[in-house]
Structures are given as structure tokens and as C-alpha cells.
Number of protein chains: 2
Amino acid sequence: MNLALLGTGFMGFPMARRLCEAGHTVSVWNRTREKALPLQAFGARVHETAAGAVAQADIVISLLESGPIVESVLFGDAGAARAMRAGTLVVDMASIKPREARDHAARLGTLGVSHLDAPVSGGTVGAEQGTLVIMVGGKAADFERSAPVFRAFGRATHVGPHGSGQLTKLANQMIVGITIGAVAEALLLCEKGGAHMDKVKEAITGGFADSRILQLHGQRMIDRDFTPRGRMSVQLKDLRNVLATAEEIGFSAPITQRFEQLYAEAVDHGLADLDHSGLFVEIASRNGMQ
Amino acid sequence: MNLALLGTGFMGFPMARRLCEAGHTVSVWNRTREKALPLQAFGARVHETAAGAVAQADIVISLLESGPIVESVLFGDAGAARAMRAGTLVVDMASIKPREARDHAARLGTLGVSHLDAPVSGGTVGAEQGTLVIMVGGKAADFERSAPVFRAFGRATHVGPHGSGQLTKLANQMIVGITIGAVAEALLLCEKGGAHMDKVKEAITGGFADSRILQLHGQRMIDRDFTPRGRMSVQLKDLRNVLATAEEIGFSAPITQRFEQLYAEAVDHGLADLDHSGLFVEIASRNGMQ
């Protein structure tokens, strides 16, 4: 299969490499071309323009960093969309707004080009190891067609029509941000009351309160290690995207609202660049704890 | 080891049976004696009074249903505490307030009787199968002494001094109640936006948003099956115990406060007897969804 991949950043680079290693013909483009060049060693062809990269592609994988950038690359002056053959499928695997994804799908549709929104969870490690969780919105036939691509990256699930993948990614981020708060407040309550946080985590592991967040982010709280993997500022942006999307579709999200306030206050207090488990620091400092 | 178990209700009955099956000498007492009688078939001796049951015991396991009931059985007119030999250890495995547990430990201490607070998570199924999570507060030596008892029930962790077990149980209930809210609001957002809830759950399984709550309670939401295992009214009571305990120890818990309001509103709206995953129904009905 002829594949193109646009955007060889911290996610796109290892993903392009996995496609090469899976035996696909891969054309790549990146705004800063130098960052893409090392992919030549894996067999990728590095193009000067996005239009050049996509011209022969059956499937175009986008890992550009925001909705407006996707729009400018696809539909701007040197637009890549017009360079695509009819029947091409664009799979946007970056996290952008559900509304933007639906808009891109509609505009590509008028050119005879299909679209899937397929954001991922699992970070750079998941991208390198092929263990990403992929949340896919769009048509079932396009999802089937993309199976060989998704197989190189991780586990994909088709969740609904255009925009549903992005919506599911937002739901994922909501659950992550709220569960971090639950774990932080619970561990701090125990510590304030004289229990040992590490023992509390050990005790409740395996019970109903157990979660990936308890295991990963709970451990970061116990270790007071807030080296950023996902930043507080990004968690806040995600929750604001949830609320903006909720408003667009007429959905009331009282829990997310409360957490948007908490993360915003934490960012106001100078915690923007901590890992999102740093909500622990905000709740601790409200309680005169460290 | 000579054991006594007080309170053979829905948790105490299967736990007494497991102690018998593990080869211990077990004396039991229950306010309604008839409910304890079937334990004779497993080798337990059923006593007329709590004082009679505990007189020869090395360890007394309490599964009475509230702090005031524990207090009346131990310290009331026909008080069991005075019937115990010096050196006896009382292990209270019911969920009562941390303050009550510390008070019982102090009062028993004046009689030369030791105390552990050791509430459990895992319900009747965990009690029957010996897979309970046991959160233990008290002295390390008493924790060691109780190992054969805990081994019959599940996995025990010593989390800190007197009261810490109850505090950890509250922390467990906080995390459960808050994570239920996160999953409910996230699944409903997706459904409102056109995604399929069951597919959303499938997609995010295995990622950072995964949890026991997503798997168990998320499935109940998808199935709209709110047959009570843990009731909304009990979840609300647990959160109120968290807030009361937080106030006692001077801890500010802004997240738990918000959830206490949400569960209280749900109970006001007639949802008291649903499973606690029924917070989904409250958020759905605010959004005109079912």
C-alpha cells in the first residue's frame, strides 16, 4: 500500500518508522524537513511539499499539531487536498477538536477524498512500541481499509461517525484528569490523617478503586516526581476543549466544570509545567502540606 | 487459634465459615441468634451472648454494622470488653468512622486489650471467595499476629496507626464515587455527540483512562442495569463521612465536596436505591437523555 505521513514530530516520527518496518511504501513530509531526513534510513521518501508526498498515496496519515495547521496544509494555497487522487483516504491521528474533524471530513468529501479521525492515547512510548490506543470516527468501510495501518500502531476501535474519535479522545482526557484528582485528594486525606500514602496505594490496589491512574500517577504523587509527561497546562486545555464541545452539542458537564476550575487555579499558582498528576501539589498546598 | 466472630450478617456469615474451613476454633455471636445457627454445620460454636463468645478468644473479629453498635456491644451493660482476657486482640472489620475506631482502641487499651481497624472492600463475593482487600490500622505487632485470620479473608495491608484502616476505606470510597462520575459524564458526552458508548468503553480500555470502575460500573451504565450492589444512598453516606473526617482533621477536600452535592441531588431526585453507578441517570436526566 502507498502511504503518506504528514508531520514527523515526536509522535509522527516513530509512527512513520513503524510503517516502513511493516513493509509499506512510505512518503513523508514535515515543515522542518531536516527532522524527517533520518527516516530515509528506514526506506521512507522525504518530500519537499505536502502535495508531493500525498500525490500517489492510497492513505494519507496526518500527525500535524492542531486543527488550524491541518486546515492550512490540506486546504491552504499549496493545499495538499487538491493534489490527492479521488478515492484517497485521509486518517488524521492527531488530537484536534471534534468540530474541526467533521469540517475536514465534509470538505474532503467534496473532492472525493474520505476521512477518518483517529486520535491516539499512549504517548511516544506507545508510538515507538506499537501499543497505541486508537479511537476512530468515520465510515465503517474506511475503518476496514485502514486496518493494515492501524495494525502497525496498536489497537483501533471504530466508535461512531465523523468526529467520534476526537470526542472519545476528549472523554479519555476527562476521565484521566478527574481520576487524577480523586487519587490526589484521597491520598492526601490519608496522609493528613496519619496513614502512609504508599501503603494506602498498596492496600487499595486490586480493589474497586484501582486504575491505571492510581498505579502510574499515584506513584508519581508518592514519589513527588512531577516531571512532565502530560502537562497541567495541556490537561487544562483538554478540559476546556471538553467544555467547548459540550456547549456546541448542548451537553451539561458539571463534573468537568469543577475540574476545569481546579486545574485553572493550579496553573494560576504556577504549576502549568508540572505533570498533570501535579494537581496533587495544588490540593496539598491548599492544606498546608507538601 | 481460638477465634470469636461477632455479627454473622451478609459479610460476617461467609467470613465465619471461611475461618471454620481454615481449621480454626470459632465461637460466634449474632443479635438474631437464628441467623448464626447454620454455622454449627461448619463447626462453629454459637453463643447466647457476645461476652460468652469472646471469653476464651485470642482474637475477636467484629463485623457489627455501625460504630454505635460496636460501642454498645463492647462497652454497654453486658459489655463484651470486660469478658475478654488481657492480651486479647479485637479486629474490627466493619466500616465505621476513623474517630470511632481510635476511640475503641483507646478504651480497650485501658483493659489490656489490643485493637486493629481492618475494614474491607470486595463485598459478599469477596467474603465468600476469600478475595477481600483489607486495610489495617493499628500496631505492627498486632497486624503480624492477625496474619492467619487475614489470610482466610484475602489480602491485608498495614497502612498506619489506629484509625488508618478506616481512613483508607474512606479514601477507597472517595475514589470509587468520583471515578463513577468521571466515567458517567464521559460516556454521556460521547453518546450525546453521536458515538456509541459500548465502543467508547472498548476503545479506551487498556489506556490511561482504564479502571475497575470503567470495566464494572461503566458496563452497568451501558446496560442501563442499576440493580444495587453499592447503593447511591450509601455512596452519599460515605462521602459525608469523608467530609466529616476531613473537617475533624482540618483537611479541605474540594473534589469530594462537589461530589457530595451531586450524589445528594441524585438522591433528592429519587435515585437513592439505585446502584451508585446510577449517578449516570442523574447526569443523563440533566441532559434530557435516558
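Let's start where domain 1 and domain 2 of chain A meet: three residue pairs are in polar contact across that interface, both residues of each pair being at pLDDT 80 or more. Keep in mind that this is a predicted model.

**Two domains in chain A**

- The domain assignment divides chain A into domain 1, covering 2-159, and domain 2, covering 167-286.
- Ten residues of domain 1 of chain A and eight residues of domain 2 of chain A take part in the contact.
- If you compare the C-alpha centres of domain 1 and domain 2 of chain A, they are 31 Å apart.

**What lies between the domains**

- Together, domain 1 and domain 2 of chain A bury about 730 Å², and carbon and sulfur atoms account for 59% of that area.
- For a salt bridge to look at in chain A, pick A:R99 and A:E248, whose closest N and O atoms are 3.0 Å apart.

- The size of an interface is often given as the accessible area lost when the parts come together.
- For chain B and chain A, the buried area is about 5600 Å², with 71% of it coming from carbon and sulfur atoms.
- The contact brings 64 residues of chain B together with 64 residues of chain A.
- Polar contacts link 18 residue pairs across the interface of chain B and chain A, counting pairs with both residues at pLDDT 80 or more.
- Salt bridges between chain B and chain A number zero.

**Aromatic rings**

- A search of the whole structure, over all chains, turns up four aromatic pairs.
- One of them joins B:F143 and B:F150 in a tilted arrangement, with 6.0 Å from centre to centre and 35° between the planes.
- Both of these residues, B:F143 and B:F150, are buried.
- In chain A, the charged end of A:R107 sits over the ring of A:F75, 4.2 Å from the ring's centre.
- In chain B, B:R107 lies over the face of B:F75, and here the distance to the ring centre is 4.2 Å.

Note on methods
Residues are numbered from 1 along each chain as its sequence is written. Chains are lettered from A and ligands numbered from 1 in the order in which they are written. This is a predicted model: local features need pLDDT of at least 70, side-chain atom pairs count only at pLDDT 80 or more; totals for chains, interfaces and linings use all residues. Side-chain values use heavy atoms; hydrogens and water are left out. Rings of Phe, Tyr and Trp (its six-membered ring) pair if their centres lie within 6.5 Å; planes under 30 degrees apart count as stacked, over 60 as edge-to-face and the rest as tilted. Buried means under 20% relative accessible area, exposed over 50%, partly exposed in between (1.4 Å probe, protein chains only). A charge sits over a ring if NZ of Lys or CZ of Arg is within 6 Å of the ring centre and within 35 degrees of the ring normal. Domain bounds come from an automatic or database domain assignment. Contact means heavy atoms within 4.5 Å. Buried area is the accessible area (1.4 Å probe) that two parts lose on being put together, summed over both. A salt bridge is a side-chain nitrogen of Lys or Arg within 4 Å of a carboxyl oxygen of Asp or Glu. A polar contact is a pair of N or O atoms within 3.5 Å; within protein, one must be able to donate a hydrogen and the other to accept it, and residues adjacent in sequence count only if both atoms are side-chain atoms.
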